[in-house]
Structures are given as C-alpha cells and as structure tokens.
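Hello,

Here is the structure we talked about, with the sequence. My notes on how the parts sit against each other follow below it.

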Amino acid sequence: MTQTLNETALKDTVAAALRACGVDTAALSGPTEARSPLTGEVLARVPLHTAADTEEAISRAADAFTTWREVPAPVRGATVKRWGELLTEHKDDLAVIVQAEAGKITSEALGEVQEMIDICDFAVGQSRMLYGKTMPSERPGHRLMETWHPLGVVGVISAFNFPVAVYSWNTALALIAGDTVVWKPSGMVNLSALATHALLARAVQETGAPADIHQLVLADREGGAPLIEDERVALVSATGSTRMGREIAPKVAERFGRILLELGGNNAAIVTPSADLDLALRGIVFAAAGTAGQRCTTMRRVIVHESVVEELTRKLVAAYPTLSIGDPRNEENLVGPLVNEASYRAMTQALADAKAQGGTVLTGGERVLEEQYPQAYYVQPVIVQMPSQSAVVRDETFAPILYLLTYSDFDEAIALQNGVPQGLSSAIFTTDQGEAERFLSASGSDCGIANVNIGTSGAEIGGAFGGDKETGGGRESGSDAWRVYMRQATNTVNYSGQLPLAQGVKFL
Ligand code: UN1
C-alpha cells in the first residue's frame, strides 16, 4: 500500500480504490455523507436505505437460502475461496478505504484485510469439516447420530472500528454453513462495506452461486430494525456497545431468534513482580494506544504490583510521548484520529470524571493538530493513575485512555481484573508459571480471552473470539464458532425390524 501524502486528494484515492474493488462510484449518491476521520472531509455520498428496503433484502436472502442450502458445503466453500483470493488481490485497495473511514494506520488497515483473508481460508477448510457425532444407541439395530444443517438468513450488524473483518468472520462461516447474509454496517463506514460487498459479489458471480446470498443495507437504526424484528432472520450477529445489545437482545429473544453478541470490553493486564517489564511495556503500549484505543480489545486498565509500579510507570511515561500522532497515511504515525467528535467528547468527559474521582493524568490527554484539522479529532493517548477502580474505570470509553491501578496481593489483582461488568479480553505479564496458570484457571480471569505475556488485543482468527458478562456471551471467528450458524438435528435410525423403545418403555 503505497500512497504519497497530499499528492492525490484523499477523496480521489478512495474513489480509485472503490472502483478497483468494483464499486461504480459514478452511480454513488444519496443523503448520507461518508466522512473521513483523517481530515473531516466528505469522501462521497451514499444511499440511506429504509426499513422497507431492509425487508426486501431479507426477502431476497430468504429466497436465495432455499437454493443455497442445497449446494454441497465444499462447493459453497469455493465461493468463499474466491472471495479470499479477491481480497488478497485487492488488499491494498480495501485497506485504503478502511484507513480513510476508520482512521487506522496503514499496517493495521492491511492487518484488518489480512484478518478477512485468514477467515476465508479457515472457512474454506471448515466447509469440509461440518462434523456431526455418531453415538452408540442403547437399542440393538439402531444408529444414533447428529447432523448439521444450514440455519437461514443471518443478519450481521457491525461496528465502525473493524468495518470489514468482523463482517467477514460472520459471512465466511455463514456462507459455508449454507446461510445467506444481510449486512448492516455502521453508518460511519459505508464505503468500506460497499467495497467488501462488491468483491464478494464478484466471487459469487464467478463461482455461479445465487446472486442474492449476500445483501447490504446502508441504514440507520430505524432502517435496520427489520433485521432484529423479522422472524425470517434466524440469527442476529451484532457487534457494538452494551447499550445496543441490551436494546436488541430482548427483541430477538421474544421471537425466539438466535443471537450472537460481541459488545463492550474493559480489558485489563496484570503486571506481576516477575514480569519482563520491557516486554510488558511493548504489549501495553500497542494494546492501549494502538488503533487510538478504538478496539473492543483495547487495554483500558493496567493493574501493576506495587513493587514494580514505579519502574513500569517510568517506562510508560517515557514511551507515550514518543508515539507520533497524525495522519495515519504517514507511515511514521502510530496513532490516528478518533472516529468523530462524539468520541472526542466522550474521552474528554471520561478524563474529567477520572480526575473528579481522584485520578492523576501522568501523560497525554490533549487534543492535537486542531489547527491543521479543525474537523478531525487527533488526541494524545493518556495514562491516568487511579486510586481505585472507581465508576469511570468500570465504563468502556472508546478512546486511548489507560487507567493505572496498583495491587499488593495476587488475589486482589484478579478481583480488580474481574471487578468490571464486561468480560472480553485480559492479559497477565509474568514469568512465574504458577501465577500464569492461576490466571488461566477457573478462579482466574473471567474473560473470553485470557493471554499470557501478550496484550489484550490482536487476537488471531483461529481461536473463538468473544466474551461473557456484559460483553454478551457470543463467540465468533475460529474454533467451533461455525456451529452457531447451523442448526443441529439428532437422528435415530432403526434397522432392527423391531420397535424397541428407549428407557425400556413397553407399549402395545
Ligand atoms: C473488535 O475490536 O471488535 O483481537 C475486533 C483484535 C482483533 C479484532 C478486534 N483481531 O483486536
């Protein structure tokens, strides 16, 4: 991904990348502005779909499902394979668009597309491994087994911060499972969605799959509501805030729909006396300041043993000001912008609350480059020393704020780590195997992701991704997450010519 800053206007670069991915930019119009957090400029205008449009998309996906579910899974895998190839071919193009809309630095924007390619590879393999078990029957001449079948239409609601990777986790698995997909991306990243959708459309067309197996709706909350309410949507997979999850989960449950939630995180690292502090430093800085603090997995708390807190704090406070902040297209910059003004306001409010609750800012926290970009929100990553896990520390603020807490006893560290409503990701830095094992044990971290000697963010696609408590309990991406996209049937086959009943029941 090579671009020369300022030589070509951002808008033109993005338009060229969109065209390369197969989006007809000349036909793009509509009431919604696609704005870049890099500069605040409008990149394009895009349509705003209504609830009726979403209903129509669901109808098309529901129709396509009846054909797609009959296609053998490995043949379905061929479509996902082609999508992965096209993503590889257009990795740079898609990364340009993701960067322009989500504000990621180049290597992270490329990493996001790589994550899509990885899940496509994974799903292609999985398409030959939709295994069901065979169990011994208690009755003679009987076979007992389970089979996995396509589920139906999957509604994917995705967030701005991973505009394309999280969609592809869902879609690659849903497609090989025989489902069809209706996608409502965050309104902040419509262009990334259009490009991703266009590449998938090409894969679908080239492999002869039914055209309607994937649908994109560019809608606001109201326009997207049928995804939650329509009974034909068998699974709703939603990524976003806990508030959003709390609103939609009961509605899906009411109609007995299936739901997969990936909501807020409040991820912490524990740094113990035996930790390699230089390694911890690098792990913490990437996880806390990287992506300008806008990952679900961003490290928001560091819980440090009192015997090493002084040394680690010195290292962190020295490292933070060396992180260059600015236009993420410039390879020297490691911290790009916040996504919009609302994010900046939320950060300012959290910092004010933290101070009011006894916090001391150790470094950072100021808005920068305001003169150059009055409509973009670049901020210094900030470390706030907190006397205790007060109210503000229990909240997830989507910004690069790291709260520093200290502990004296290992159990206290675990209690602090688990003492928040969210349960997504966690880490421990230690060279003491006993501590590492305790952290990973049943009475250790209560998060869906628990790491040793790496930070909280940057998970690989091969493992299941998600967390419990207010994070919502969903698991997507690798491991056996594919099962949530399928329905399970248990089959008993009687070849005995008799009719023995289970549990020894006698009748007739
Ligand atoms: C998210 O922030 O919603 O583990 C997803 C990570 C990435 C995915 C984050 N692989 O940080």
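The centres of domain 1 and domain 2, taken over C-alpha atoms, are 30 Å apart. Please keep in mind that this is a predicted model. The domain assignment puts residues 8–263 and 472–489 in domain 1, and residues 267–462 in domain 2.

The boundary between the domains

The contact between them draws on 27 residues of domain 1 and 28 residues of domain 2. Put together, the two domains bury about 2200 Å², and carbon and sulfur atoms account for 57% of that area. On the domain 1 side, the residues that lose the most area to domain 2 are L38, I105 and E108. Those three together make up 23% of what the domain 1 side buries.

R295 pairs with E108 in a salt bridge, and their closest N and O atoms are 2.9 Å apart.

As for secondary structure, α4 (91–102) and α5 (106–126) are the elements that give two or more residues to the side of domain 1 touching domain 2. The largest contribution to that side comes from α5, with 6 residues. Sorted by class, the domain 1 side holds 10 nonpolar, 9 polar and 8 charged residues.

The protein overall

The protein contains 15 helices and 23 strands. Its radius of gyration is 24 Å, close to the 23 Å that the globule rule gives for 508 residues, so the protein is as compact as a globular protein of that length. Along the principal axes, the C-alpha trace spans about 80 × 60 × 35 Å.

Regards

Notes. Residues are numbered from 1 along each chain as its sequence is written. This is a predicted model: local features need pLDDT of at least 70, side-chain atom pairs count only at pLDDT 80 or more; totals for chains, interfaces and linings use all residues. Side-chain values use heavy atoms; hydrogens and water are left out. Domain bounds come from an automatic or database domain assignment. Contact means heavy atoms within 4.5 Å. Buried area is the accessible area (1.4 Å probe) that two parts lose on being put together, summed over both. A salt bridge is a side-chain nitrogen of Lys or Arg within 4 Å of a carboxyl oxygen of Asp or Glu. Helices (H or I, at least four residues) and strands (E, at least two) are DSSP runs, numbered from the N terminus. Ala, Val, Leu, Ile, Met, Phe, Trp, Tyr, Cys and Pro count as nonpolar, Asp, Glu, Lys and Arg as charged, and the others, Gly among them, as polar. The radius of gyration is taken over C-alpha atoms; the globule rule is 2.2 Å times the number of residues to the power 0.38.
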